[in-house]
Structures are given as C-alpha cells and as structure tokens.
Amino acid sequence: MKKHALRRHTGFHNVLLDGFIVLCLLLVVLLSIYPLYYVLIASLTHASVLNVRPIYLLPGELTLANYQIIFDTLNLFNPLMISLARTVLGVLVTVLCTSMVGYVLSHRDLKGARFWVPFFVFTMYFNAGIIPTFLLVDGLGLTNSFWVYILPSVVSVYEMILVKAYIQNIPASMEESAKIDGANEVQIFFRLMLPLMLPILATIAIFIGVTQWNAWYDTYLYNYNSLHLWTLQMHLKDMLDQASSIRVTSTLDALKMSNRQATPLTLRLSITVVTTVPIILIYPFFQRYFISGIMLGAVKE
Amino acid sequence: MKVANAHKARLLALVLTGIGLISLFLPGIRLSNIRRGQEQSSVQISLFSLARGQVALPTDAYTSLFDYAKQEVPGVTITEDSLRLSDASALPGRILFAACALPLMGAMLHLLLDKKRRTGLPIALLLLSAFVTVSFVFAYINIAMIATNVRQFQLRPAYSFYIFLLSVILSLVLVALTDRTVYRQRYLFGMLMPFAVWLFVFAYFPMFGWVLAFKNYGPSDSIFLLPFLSPLYKNFADFISSPDFLLVIRNTLTLNLLFLGLLTPLAVLLALMLAETRSARFRKMVQTVSYLPHFISWVVVASLVQTFFSMDGGIVNTLLANLGLSDRPLGFLQESRYFPALITGVQLWKSVGWESIIYLAAISSVNPDLYEAAMIDGASRLQQIAYVTLPAILPIVGIIIIMNTGWILSGFDPYFLIGSSTNRDWSIVLDTYTFQMGVGKLRYGYATAVGMFKTLLGLGLLVIANRVARKFSGIELLR
C-alpha cells in the first residue's frame with residue numbers, strides 16, 4: 001500500500017490518530033465477536049446459575065449438560081445429518097453444474113450468446129414470487145422431500161458469473177491447442193478447465209456451502225410437515241417462536257422428572273452454538289478464498 | 001455437419017414432426033377409475049379426434065369422458081353447468097388445436113423449401129407448437145377434473161402425449177444441428193441445454209402463476225377455471241386502498257433507507273481505518289473478525305438478538321438494571337418504537353465488515369504517487385484521506401450506492417425472524433406482508449398481486465439505477 005509513505009509520519013498528531021484508529025478497530029472486533037462469545041459461555045453455564053445471576057465474561061458453572069440434553073432428548077442428531085447432507089450434496093452438485101454453465105457461457109462465439117447470458121442473469125433480479133413458486137415446487141412433487149434442498153438451486157447465477165469471468169481471463173490459446181489435439185469441449189471442461197479453475201471453484205464452493213448450511217426458508221415453506229427433514233436452522237427457527245416453545249416446555253417437564261435441569265433459553269443457546277460452530281471452524285480455512293472471489297465479482301460489476 | 005448428413009437430419013426432423021402431429025389424434029389423456037389406490041379400469045381419449053368411432057369435433061373427446069364416467073359410476077351427477085362448460089371448452093380447444101397444428105405444418109414446409117439452412121424460424125415454430133399443445137393438454141385435464149368432480153377418477157397425460165413431446169424435442173435437436181455453428185458447438189450445447197430447461201422450469205415457468213393475481217385463488221381451486229375478478233385489477237386495488245398499504249410502504253422504504261444510508265458511510269469509514277493501520281497483522285485480525293458476521297445465518301442472528309434483548313434475562317436489560325439506568329425491563333423486541341433502531345443495528349452488524357472489503361480494495365489500488373505528491377505539498381494524513389483517498393474511491397462508492405437503491409424494496413429474513421406481531425406497526429415490510437397474506441392467510445391471489453407489485457416496481461428501480469450508473473461511470477450493472 002503506502003507503507004514507505006506512512007513511515008515518515010511521526011509526531012503527536014499522528015500518534016493520536018493511530019491510537020484513535022486502533023481503539024475504534026478494537027471496538028469493531030469486540031462488537032463482532034462478543035455476541036457469539038456470549039452465547040458460547042452462556043450455553044456452557046448450568047441452567048440454574050443463569051437464572052440467578054447474569055454472566056458477562058466467563059461461564060458461571062462450567063457444564064456440558066445443555067449439549068447432552070439437546071442431543072439426547074431433543075434428538076438433534078438427525079437434523080445435524082440433514083444439514084450436513086444438504087450442504088455436501090448441494091456444494092457438489094451446484095459447483096459442478098454452475099461451473100459447467102459458466103464454462104459454456106464464457107465462449108463469446110457461442111451461438112445466441114446475446115440471448116443465453118441475459119436469459120440466466122435476468123433471473124437474479126426477477127422472480128415469480130412465493131405463491132407461484134410454491135405451486136410449482138408442489139406441482140413437481142418436491143414438497144416434503146429432501147430434493148427441494150438441491151434441485152431448485154442446481155445453478156447459482158451469481159457464482160456462474162464469477163466462473164464465467166474467471167475463465168474469460170484464462171488465455172484462449174489453451175483451449176484452442178487442446179482442440180487442435182482433438183479434444184472436444186466436454187473433455188476440455190473436465191480435463192483442462194476444472195483443474196485450472198480450482199481457485200474460483202473453492203470460492204464459489206464456500207459461498208454455496210454457507211448458503212446451504214444457513215438456509216431455513218425452504219424447510220419452513222416446503223418441508224414444515226416432515227420433521228425428519230428438518231435442518232438445524234429450522235429447529236432453531238422453531239425455538240424462536242413463542243408457540244412452539246410449548247413443545248419445548250413439555251420436553252422440559254419430562255426432563256424435570258429425570259432431575260436434569262434446562263430452560264428453553266439454555267436449549268436454544270446450545271442449538272445456536274451447534275449451528276454456528278461448523279461455520280466458525282472452517283472459517284479460517286476459507287477466508288483467503290472469498291476475498292479474491294468478491295473482488296472478482298466487484299471488478300465485473 | 002456435412003451437406004448430405006444435414007439433408008438426412010432435416011428429413012428425419014420432418015418425419016418426426018409428422019409423427020408428432022399424428023400423435024395428437026391418438027389418445028392423449030388417460031382417465032382411470034381408482035378405488036383404494038387400485039386402478040379398476042381406464043379409458044384413453046384423444047384430444048382432437050375420432051372419439052366414438054366417428055370423425056368428430058374436439059368436443060366429442062370431452063363428451064366421451066362423461067360417457068365413461070357415467071358408465072363407471074352410475075350415480076355420478078353431471079350438472080348442467082359442467083356440460084355447458086364442456087361446450088364452452090370446445091371452442092378454445094379448436095382454436096388452440098389450429099394454433100399448434102399450423103406452426104407444425106409451417107415448420108415442416110419451411111424445412112422442405114429452405115435451401116439456406118436457416119433454422120431460426122422452424123425452431124421458433126416448433127417451440128410455439130410444443131408450448132401451446134402442452135399447456136392445452138394441462139388446461140384440458142384441469143377442466144375435465146373439475147367438471148367430472150368425482151374423487152376416484154384420475155386424469156393423466158397418456159402415451160401419445162409423450163410421443164408428441166419426444167418427437168417435437170428430437171426434431172428440435174435435429175433442426176438445430178443443421179445449423180453450422182450449432183453443430184460445431186454441439187458439445188457446448190449438450191452441456192448447456194439441460195440447465196437452460198431447468199432454468200426455464202424453475203425461474204420462468206412460475207411466472208405464468210401471475211395470472212393468479214387477477215383471480216381469487218384459494219388452495220383447492222383450479223388455476224385455469226377460476227373466473228377472473230371484476231374489475232380485473234381488484235387485488236391490486238384492494239392492496240392499494242387497504243390501510244396496510246401505506247404502513248408497508250413506509251416501513252419498507254424507511255427501514256431500508258436507514259440501513260443502506262448508514263451502511264455505505266460506515267463501511268467506507270471502516271475501510272479507511274483499516275487502510276491507515278500500521279501493523280499488517282492487526283489489520284488482518286480485524287478484517288477476519290469483522291467479516292465473520294456475514295457468514296452467520298439470520299436464524300442464528302435472530303437467536304442472538306433474542307438472547308441479548310429479551311425482557312426476561314436478556315443481557316442488555318440486565319446490564320441496564322445493574323447500572324441503575326432503568327428500573328424495569330424494556331421491551332426491545334416487543335415495542336414497535338425500538339424496532340427500527342434494532343433492525344438497522346443488527347443488519348449493520350452483519351454487513352459493515354463485509355461491505356468494507358470492496359472499499360478497502362479500492363483504496364489499495366490508489367496510485368501511491370498521489371500520496372507522495374500530496375506529502376511533498378505538505379498534506380497531513382487526514383488531508384491525504386480527504387483530498388486523495390476519498391476522491392479516488394468516490395466512483396466505486398457511487399456505483400454501490402446506486403446499486404443498493406435497486407434493492408430498496410427487498411428484505412425478508414431479518415424482518416420475518418426478528419419482527420413479531422406485537423411490533424407489526426414497524427416490522428411489516430413488503431416481503432413479509434406477501435408471506436403473511438399468502439402463506440398465513442391463504443389469500444393466494446392477493447399475495448401474488450402484492451408480490452407482482454413489488455417485483456415490477458423493484459425491476460423498474462433496478463433499471464433506473466442501471467441507467468444512472470451507466471451515465472455516472474460507464475459501467476453497467478445488469479449484464
């Protein structure tokens with residue numbers, strides 16, 4: 001950046017400015033991280049403590065009881081598996097299909113390219129609305145089915161544009177020489193382009209994976225009556241509602257009989273943590289990819 | 001494709017189109033009598049033809065449906081209304097038949113006569129005829145379903161319908177392949193077409209559902225049969241004249257303007273501060289942490305909000321009480337007056353860090369010579385920011401502000417998950433209102449109308465934003 005320039009700045013004003021900036025940034029860090037940290041320590045605190053005195057920095061009475069309860073009594077193993085399944089399968093399918101479409105549309109000489117690209121991009125800004133979409137999904141028999149998590153998002157248009165832009169930056173001579181060697185476009189895509197695209201594939205895999213993991217709306221709208229297809233996010237969403245906490249309360253009554261203490265709050269907190277932890281765990285690994293990804297998108301925009 | 005092969009392909013396409021045309025006169029609808037999940041008997045009826053052994057008009061296929069129904073279930077009551085309906089359906093049936101048969105003939109003729117291998121027109125005609133026929137078959141099934149109105153009958157497309165579809169698709173492929181460019185790019189098209197069809201089904205096809213906006217559709221009605229409202233725009237008029245209209249528009253615009261209006265300045269400020277940080281490691285750390293909220297789901301965020309701001313045991317209320325700032329818990333989540341600040345704060349928390357990435361990148365691409373020159377002129381750091389950095393990133397800031405205004409009517413997750421019935425005065429926005437009306441109150445037609453209103457208005461805004469951005473910077477957003 002402008003390192004050598006900054007180095008020459010000394011003097012009281014500059015130190016003051018630096019100090020002010022560091023303070024502000026520390027505040028940003030605190031604001032960003034504290035809510036998540038608080039949920040973590042509160043979920044590790046025994047329910048009886050949380051009712052008596054507030055905690056701010058450290059867990060009250062360290063316990064894993066809340067987690068035991070959500071996995072034993074609320075049976076959170078199945079939703080965890082559903083969430084994982086839709087994320088893994090969704091990423092595989094969507095990355096492959098999206099990059100395939102991106103590869104095809106990266107050809108500027110494609111017959112009807114002036115039609116195909118807007119045909120895809122238009123859908124980013126325009127949708128039919130919830131009722132017509134619901135009727136379609138229902139008509140296709142996708143309600144109360146796992147496939148509603150995968151099929152409607154087979155191609156992700158925004159990510160497709162990223163891939164297309166990335167391929168257009170790869171020298172066209174590579175594809176041409178492969179063609180001269182007698183390869184057709186399918187072979188070129190799988191053998192030549194996919195390996196070359198790995199950085200952008202990693203980027204879009206992150207975006208798609210996070211979207212899949214975080215999705216709740218499709219479960220809520222299409223799979224509400226199929227409890228066995230509920231994801232973690234859906235269970236958490238359900239616990240946010242007043243009405244459904246009645247069901248949780250009955251679970252809690254059953255718990256009281258067996259002398260284990262929990263409140264709707266501690267249950268919700270531990271589910272929140274379980275839902276967030278996978279994202280935070282893989283976050284350091286994918287960090288370096290998404291910045292290059294968003295930059296690419298920004299450059300094209 | 002070689003000329004001889006192209007000729008063969010065209011001939012084959014012609015034959016296939018002929019088969020498709022003929023198949024329309026074969027039984028295309030299958031009516032089954034289902035009892036306890038078992039098919040007792042069934043009859044197959046052609047759409048356009050020789051029902052009851054005589055050359056007849058399209059109506060007769062329909063009449064024979066009733067004959068079969070009467071015969072199978074003696075007690076079935078066919079009302080005069082449904083008979084009149086069948087009569088009425090005959091006329092559009094014939095018109096539609098002509099509409100789909102003629103293009104097919106046209107496509108065939110064109111292929112025979114055209115020596116220049118132009119493929120656009122035949123493809124368009126084939127697509128049109130396929131589309132008209134498919135929609136006609138489904139409309140017909142729908143009409144018959146309602147008219148017979150006996151639960152145990154099941155109407156489905158039968159084999160000749162699939163023959164029709166298959167022959168049309170195959171001849172489409174063949175006709176397309178006679179085009180030189182398409183043939184050269186056949187592998188590319190092979191990879192593209194499945195997804196083009198997928199996109200059409202999932203994104204474009206539901207737009208036909210917009211017809212619901214002009215009807216009073218409920219969960220068990222037939223989309224096609226339901227009469228149009230009078231006046232046609234009744235749902236729209238109802239929405240605009242309802243007391244909710246002004247409320248919803250006010251909330252949508254105010255809350256989005258509040259959020260977007262604060263988002264850009266704060267993100268620019270964060271980017272500036274990050275750029276001015278001397279320690280690269282500290283900068284990296286702040287960046288990492290401030291992007292994190294972007295990846296947290298809205299459900300989790302709503303749960304965090306509930307944990308922090310609830311009335312019983314929420315940490316904010318506890319803190320306020322402990323500091324002696326309030327003597328009773330405040331209903332941050334319940335009372336409308338807190339909602340705008342709450343929702344804006346939460347959205348900013350989630351987005352400011354992420355939004356700053358792009359500005360930081362813009363700052364880092366400013367020419368370093370400019371800073372050197374400014375320093376030689378004696379500019380302080382603040383002056384450098386004001387006179388070098390800010391003007392340099394202004395175009396990007398402008399584009400993003402313009403781009404954001406295109407989304408000013410949108411926003412579902414935060415409002416739906418954090419808003420509640422008690423703060424509806426401020427938490428109801430266009431998207432959540434559509435959801436409430438459609439899914440909550442099952443007013444499908446009305447909700448479709450509201451959704452359509454929003455989509456069209458939003459698209460208009462986007463187009464305007466795009467125009468302004470192009471004028472402003474020469475960069476186009478809608479690619």
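Begin with chain B, where residues 24 or more positions apart account for 68% of the contacts with a separation of 6 or more; two residues are in contact if their C-beta atoms, placed from the backbone, lie within 7 Å. This is a predicted model, in which local features need pLDDT of at least 70, side-chain atom pairs count only at pLDDT 80 or more, and totals for chains, interfaces and linings use all residues. Residues are numbered from 1 along each chain as its sequence is written, while chains are lettered from A and ligands numbered from 1 in the order in which they are written.

Of its 479 residues, 38% are buried, that is, with 20 or more other C-beta atoms, placed from the backbone, within 10 Å of their own.

Next, select the interface, where 72 residues of chain B are in contact with 71 residues of chain A. On the chain B side, helix H7 (residues 186–204) supplies the largest share, nine residues.

Then select helix H10 (residues 280–291) of chain B. Its twelve residues reach 17 Å from first C-alpha to last, close to the expected 16 Å at 1.5 Å a residue, the expectation being 1.5 Å times one less than the number of residues. Show B:Val286, B:Gln287, B:Ser290 and B:Tyr291, which are buried. Seen down the axis of H10(B), the buried residues fall within an arc of 120°, so they line one face of the helix; the arc is that of the directions from the helix axis to the C-beta atoms.

Finally, display what covers these residues, including helix H2 (12–43) of chain A and helices H9 (243–276) and H13 (339–364) of chain B.

Conventions: Helices (H or I, at least four residues) and strands (E, at least two) are DSSP runs, numbered from the N terminus. A residue is buried if 20 or more other C-beta atoms lie within 10 Å of its own, exposed if 12 or fewer, and partly exposed in between; C-beta atoms are placed from the backbone.
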